[in-house]
Amino acid sequence: MEKLGIIVPYRNRYEHLLQFKRLIVKYLDSKSYKNYVIIIVEQDDAHLFNRGILLNIGFKEAKKQRCDYVIFHDVDMIPIDVDYSYSDKPIHLATNFVLEDAEKPRTIFDEYFGGVTLFPIKYFEEIDGYSNKYWGWGYEDDDLRLRCSEKHIPLQTHKIKNFKSFGKSLKLNGVDACIKVKNTIDFRQSFSIFISFYPDRLYLNHKKPSDEFTVFSIPGYDFGISYTSFNRYNFCFFDSKLEPYYINSNIKPNYKTNMVVTYDSLSKNAKVYQDGEFIGETGGFKRMYPYNTKSNYYLGAGNPEREGIPNFFKGYIDSFAQWDKVLNDSEILDLSKNETHLLNENFDNYNSSKSLNTYYDANHIKYYKLTDLSGKENHGEIVNCEIVQLDIPEYTEVKIPHRRKSLFKSLKHDENGFDGQKWKDKHTRYNQLRFVNEVSNHISLINRDGLSTLKYHLYGKTKKDNIIHLNVGI
């Protein structure tokens with residue numbers, strides 16, 4: 001039987017560690033695992049926590065213990081139903097959780113490669129291990145997945161449909177391009193908004209704590225739809241007391257997508273849909289910020305005249321519509337999947353063409369203006385956009401880890417990551433900038449960072465039964 005090394009990065013969570021050691025041993029023994037070692041790698045307090053370095057140190061020890069494969073295992077995940085057996089390819093195990101009382105749900109998404117991850121020894125050495133350069137919380141797992149992809153380590157290919165991947169489109173440069181539109185939306189009445197767009201690959205502004213690439217906005221306290229640096233498609237607005245309300249998608253890559261926002265003026269309820277699927281709603285406010293007093297709204301910018309944070313969008317926009325009513329779910333599904341019909345004519349379950357207030361399709365541009373196909377003559381003023389023929393693959397392909405469905409008990413702890421609209425810790429932003437702007441665009445960086453460049457001080461090593469505890473300085 002292959003020998004397993006379970007490697008646990010650790011600092012300052014003593015109660016969790018006691019539970020983990022007791023329960024992981026009990027679980028492994030109950031499942032008749034005999035040939036294993038648990039390696040706890042404890043970091044001193046001299047520097048920020050560095051999960052990647054600790055796991056690399058643990059891997060070096062697992063090699064000394066003649067392990068055939070390793071599982072990198074967070075201390076706050078206790079096995080309930082987990083298969084820890086050998087695999088000849090990397091496997092992600094942290095798929096399902098039983099939460100403690102009042103614990104926030106864990107963020108699980110297609111590209112997630114953290115928490116509990118299995119690697120055969122040979123593949124982890126082929127990618128030169130984890131990066132040593134992500135301090136604090138986040139992005140060492142994204143870097144790990146990228147290393148696997150670049151080194152052709154076995155991964156799955158996840159396909160995401162690009163809706164309406166062909167036809168004319170407006171290309172926006174993320175610097176000074178947008179479409180300016182007279183604001184004729186009546187916020188005293190119900191309405192719906194639809195926009196079809198394709199964000200470009202992210203490049204982040206190192207001077208900002210986060211980035212919003214806005215495809216639709218009524219400026220001021222923006223009523224906006226954006227793709228953000230958190231890899232989430234986002235809708236935001238403010239009430240009359242200037243309290244913000246957010247609805248975010250799950251973590252998703254950039255792809256050709258569409259979003260619908262509906263607002264019911266009677267119930268004071270806003271709903272958001274992406275590609276025809278409901279993603280969230282918000283209510284509980286008495287009065288919305290007076291957006292109807294704003295003269296214009298913009299496609300492709302938050303506010304092009306705003307100093308510092310104009311939130312220009314880089315990518316493609318090919319269609320926009322606004323109705324003076326709330327579209328129903330069947331209509332939203334049909335228009336979101338639609339690739340052939342114009343929206344000023346009814347089709348299938350969509351029967352709201354007569355309620356259109358403004359409607360643009362990039363195939364209908366005259367005198368460098370988007371023609372209003374609703375018949376209301378509210379033409380869109382194009383500013384510094386290119387008119388291009390969009391021709392992208394039918395699907396966006398994303399490399400994701402192979403998974404083995406598992407169930408863990410989650411031990412409650414302070415969240416360190418995404419907190420609604422921001423990172424809780426500035427060092428996560430630094431890690432994000434490194435991964436998105438540097439490593440993703442300069443793949444050679446992964447060749448000079450990992451097991452081969454690992455440096456640390458071993459202050460102590462103890463062993464009791466199947467558990468080795470390393471105390472290290474980094």
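## Helix α6

In this predicted model, helix α6 covers residues 426-439. The helix has 14 residues. From first C-alpha to last, α6 reaches 19 Å, close to the 20 Å expected at 1.5 Å a residue. At its start, a side-chain oxygen of Asp-425 comes to within 2.7 Å of the backbone nitrogen of His-427.

Helix α6 is mostly covered, with eleven of its 14 residues buried. Among the buried residues are His-427, Thr-428 and Arg-429. Asn-431, Gln-432, Leu-433 and Arg-434 are also buried.

## Charges over rings

A lysine provides another case: the charged end of Lys-161 sits over the ring of Tyr-395. Here the distance to the ring centre is 5.7 Å.

## Aromatic pairs

The structure holds 45 aromatic pairs. One of them joins Phe-72 and Tyr-130, with ring centres 5.3 Å apart. Their planes stand at 85°, so the pair is edge-to-face. Phe-72 lies in strand β3 (residues 69-73), and Tyr-130 in the loop between α3 (121-126) and α4 (140-150), so the pair ties together parts that are 58 residues apart in sequence. Phe-72 is buried, at 0% relative accessible area. Tyr-130 counts as buried too, at 0% relative accessibility.

Phe-197 and Tyr-233 form a tilted pair. The rings are 6.0 Å apart, centre to centre, with 55° between the planes. This pair also links distant parts of the chain. Phe-197 belongs to strand β11 (residues 191-199) and Tyr-233 to strand β14 (residues 233-238), 36 residues apart. Phe-197 has a relative accessible area of 0% and is therefore buried. Tyr-233 is buried as well, with a relative accessible area of 0%.

## Strand β19 and its partners

Strand β19 (residues 296-299) pairs with β10 (residues 178-182). The two run antiparallel and are joined by four bridges. Within this pairing, Lys-182 has Asn-296 of β19 as its bridge partner.

Strand β12 (residues 212-218) also runs antiparallel to β19. Two bridges join β12 and β19. Phe-216 stands opposite Leu-299 in β19.

Methods. Residues numbered from 1 in each chain as written. Predicted model: local features only at pLDDT ≥ 70, side-chain atom pairs only at ≥ 80, totals over all residues. Heavy atoms only, no water. Pairing = 2+ DSSP bridges. Phe/Tyr/Trp six-rings, centres within 6.5 Å; stacked < 30°, edge-to-face > 60°. Buried < 20%, exposed > 50% of the residue type's maximum accessible area, 1.4 Å probe, protein only. Lys NZ or Arg CZ within 6 Å of the ring centre and 35° of its normal. Expected span 1.5 Å × (residues − 1). Polar contact = N/O pair within 3.5 Å; in protein donor to acceptor, adjacent residues only side chain to side chain.
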